[in-house]
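Hi everyone, thanks for coming along.

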Amino acid sequence: MARARREGDAVIGAGLLAFDPVPEERPATTAQTAAVEETRIAFGKFVNLMRRRRGFSMERLAEVADLDASELLVIEDDVHYVPEPRTVFKLAQTFEVSQRRLMQLAGLAAANDAGFRREAVRFAARSEAVHKLTPEENSALEAFVAVLSEQDPKRVK
């Protein structure tokens, strides 16, 4: 019915003169949106913890990774922000993790395995925004770096 309304009184033809209606857009489901937000939370926390672990200020990380400090600030604080692929590539190089996995974590590529998303959510749930990494945060970060590096993660209790 929606297609009929969209086509209106357009003349439908065949061959070179055929009317090619715009395909219907499918809105993202609530579950898909929630999954992307969960991984972006983990992405922001990952960037925050890796930066702090290396003793970098936001400005220093921006300088080392050749990125804009304001974008790093938004990445760490806004789950709705979609980073540029170039930014994720530079961060993957700087933190020495898989670019493909970091793209998945940033919501720029779909993860093929449910285990990855589960590890990302687990990581995000265990980390807190404090100035110094706690031993638990450090363990969670190391386990998650192993996942991003496509190694078997160490199970930390």
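Let's begin at Leu133, which lies in the loop between α7 (114–126) and α8. The helix names come from DSSP runs numbered from the N terminus, where a helix is H or I with at least four residues and a strand is E with at least two. Before going on, please keep in mind that this is a predicted model, where local features need pLDDT of at least 70, side-chain atom pairs count only at pLDDT 80 or more, and totals for chains, interfaces and linings use all residues. Residues are numbered from 1 along each chain as its sequence is written, and side-chain values use heavy atoms, with hydrogens and water left out.

Now, which residues does Leu133 touch, not counting residues up to four places away in sequence? They are Leu49, Arg52, Arg53, Asn138 and Leu141, where contact means heavy atoms within 4.5 Å. Take Arg53: 80 residues separate Leu133 from Arg53 in sequence, yet their C-alpha atoms are 7.0 Å apart in space.

That brings us to a helix pair. Two packed helices are described by the angle between their axes and the distance between the axes. Helix α2 (residues 30–53) packs against helix α8 (residues 135–148) at about 115 degrees, and their axes are 11 Å apart. Axes here are lines fitted to C-alpha atoms, for helices over the stretch in contact, and angles run from 0 to 180 degrees between N-to-C directions. α2 and α8 are therefore roughly perpendicular to each other; the cut-offs are under 35 degrees for roughly parallel, over 145 for roughly antiparallel, 65 to 115 for roughly perpendicular, and oblique for the rest.

Who meets whom? From α2 come Phe46, Leu49, Met50, Arg52 and Arg53, and from α8 come Glu137, Asn138, Leu141, Glu142, Phe144, Val145 and Leu148. Sorted by class, the contact of α2 with α8 has 7 nonpolar, 1 polar and 4 charged residues. Nonpolar covers Ala, Val, Leu, Ile, Met, Phe, Trp, Tyr, Cys and Pro; charged covers Asp, Glu, Lys and Arg; the others, Gly among them, are polar.

There is another pair to look at. In α3, Met58, Glu59, Leu61 and Ala62 meet Ala69, Leu72, Leu73 and Glu76 in α4. That contact has 6 nonpolar, no polar and 2 charged residues.

Finally, let's zoom out. The protein chain has 8 helices and 0 strands. Of its 157 residues, 36% count as buried, meaning under 20% relative accessible area with a 1.4 Å probe, protein chains only.

Conventions
Buried < 20%, exposed > 50% of the residue type's maximum accessible area, 1.4 Å probe, protein only.
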